[in-house]
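Visitor: I'm new to this structure and would like to learn how to read it. Could you walk me through it, one feature at a time?

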Amino acid sequence: MNQSPLYRSARVVYFSGTGCTALVARVLREAFVRHGVEAASHELRAGVPDPEGSPDLLVVVYAVHACNAPEPVYEWIGRLPDGRRADGSPSPVVVLSNSGGGEVWPNLACRVGVISRLAKRGYRTVHDQMLVMPSNWIVASKPPLAARLLEILPERCDQVVARVLAGRERHSRPGWIDRLTSACGEAEKIGAHEFGKRIRVSAACNACGLCARQCPAANITMNGSRPVFGKKCLLCLKCFYACPTQALSPGFAKFILVPSGFNLKDIESSLPWPEAVDVEREAAGWVWSGVRKYLLETPD
Ligand SMILES: Cc1cc2nc3c(=O)[nH]c(=O)nc-3n(C[C@H](O)[C@H](O)[C@H](O)COP(=O)(O)O)c2cc1C
């Protein structure tokens, strides 16, 4: 039964590189459905047309890239029809980010740009929040933490959905230093295009074409037996981790890749984690403070 007088339908629009945000979007959609709201999801990827129609509530969720949102999210906002209704009031939108590090500096303003561009298109953010999933860049989340993050996801998504449907708004208020950090993250988009052009392909490549099929930017084409990389790389890292022969390597900034690789299916298959996870110990130190907070504290 629909428990919300506010919304009867919702659309979860998401950008995901290595699959974590796709899972978040699925769990969110299921939570809406459980609460009696008709819900659909839509992935932002090259070649997939935007859906038609206007749901009562839009939800956007994206993987945090360099303390900001990836390019396809901004491009989608640019294509959105004006959200203002006949009486001039804006349409509601929920803005969720999904990161490896959580709601701590330098991530605190990672939704500011999205919220302000949505406002210009006639959408008012009624809830914004960070969700946390395993890290797919630089430092991998330790296996017990990665497993715990997947285990807690349904609970965290349900809390978001219940609060939104009850009409209790949530607005984060990042400071100017956070905003500056996030704005600097925009530079990553230029770096990403360069990064993509310089991806190397080793002799181990078996020309399976998986990288080309999976690239969300359609930036990889197969030229005979070799993948060729264009100028639209989003730095999502999907191609590196998906390659069955580990034939791809970055031309520079190798530190971005988790050395052991990243495979969400492997993390999912580790569930249920066989023992209680000591989050204080596994997520000790500043780098994991946002993950610690996410796992141990109920969101306000
Ligand atoms: C290029 C790149 C930049 C990232 N930047 C951040 C960041 O600034 N802060 C953070 O906490 N996590 C960052 N991450 C980690 C991802 O946000 C996180 O692992 C997320 O779960 C990945 O989602 P996906 O599997 O849907 O792509 C970054 C990942 C990549 C690939």
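This is a predicted model: local features need pLDDT of at least 70, side-chain atom pairs count only at pLDDT 80 or more; totals for chains, interfaces and linings use all residues.

Visitor: Then is cysteine 208 buried, partly exposed or exposed?

Guide: Cysteine 208 has 34% relative accessibility, so it counts as partly exposed. Cysteine 211, at 10%, counts as buried.

Visitor: And how many disulfides are there in the whole structure?

Guide: In general, a disulfide is a covalent bond between the sulfur atoms of two cysteines. Here, a search of the whole structure finds 0 disulfides. Cysteine 208 is in none, and its nearest cysteine sulfur, that of cysteine 243, is 6.3 Å away.

Visitor: Let's turn to the ligand. Which residues are closest to it?

Guide: The ligand is surrounded by 24 residues, and the closest are Ser16, Thr18, Thr21, Val64 and Gly101.

Visitor: Which polar atoms of the protein are found by its oxygen atoms?

Guide: Look at the backbone first: a polar backbone atom of cysteine 20 is 2.8 Å from a ligand oxygen, and for a polar backbone atom of valine 64 the distance to a ligand oxygen is 2.8 Å. As for side chains, an N or O atom of asparagine 98 is 3.1 Å from an oxygen of the ligand. On its own, the ligand has 650 Å² of accessible area, and the protein covers 97% of that.

Visitor: What kind of space does the ligand take?

Guide: The ligand takes the space of the largest pocket. Two elements each give two or more residues to the shell around the ligand: helix H1 (20–34) and strand S4 (91–99).

Visitor: Where is threonine 18?

Guide: Find the loop between S1 and H1, and threonine 18 is there. With 17% relative accessibility, threonine 18 counts as buried. Its side chain makes a polar contact of 2.9 Å with the side chain of asparagine 136.

Visitor: How far apart in space are valine 12 and alanine 39?

Guide: Along the sequence they are 27 residues apart, while their C-alpha atoms are 7.5 Å apart. Valine 12 belongs to strand S1 (residues 9–15), and at 0% relative accessibility it counts as buried.

Visitor: Now for the backbone. Which peptide bonds are cis?

Guide: Proline 106 lies in the loop between S4 and helix H3 (112–120). Another runs from leucine 271 to proline 272, with omega near -5°. You'll find proline 272 in the loop between helix H9 (264–269) and helix H10 (279–282).

Visitor: Which residues have a positive phi without being a glycine?

Guide: One of them is alanine 66, with a phi of about 50°, in the loop between strand S3 (57–63) and helix H2 (71–79). Leucine 237 also has a positive phi, of about 75°. The loop between strand S8 (226–229) and helix H8 (238–242) holds leucine 237, which is buried at a relative accessible area of 4%.

Key: Residues are numbered from 1 along each chain as its sequence is written. Side-chain values use heavy atoms; hydrogens and water are left out. A disulfide is a pair of cysteine sulfur atoms within 2.5 Å. Buried means under 20% relative accessible area, exposed over 50%, partly exposed in between (1.4 Å probe, protein chains only). A residue is near a molecule or strand if one of its heavy atoms lies within 4 Å of it. A polar contact is a pair of N or O atoms within 3.5 Å; within protein, one must be able to donate a hydrogen and the other to accept it, and residues adjacent in sequence count only if both atoms are side-chain atoms. Accessible areas come from the Shrake-Rupley method with a 1.4 Å probe; for residues, only the protein chains shown count as cover. On a 1 Å grid over the protein atoms alone, a cavity is a set of points where a 1.4 Å probe fits but cannot get out, and a pocket is an open set with protein on both sides within 12 Å along at least five of seven lines; lining residues have an atom within 4 Å of a point. A molecule sits in a cavity or pocket if more than half of its atoms lie within 2 Å of its grid points. Helices (H or I, at least four residues) and strands (E, at least two) are DSSP runs, numbered from the N terminus.
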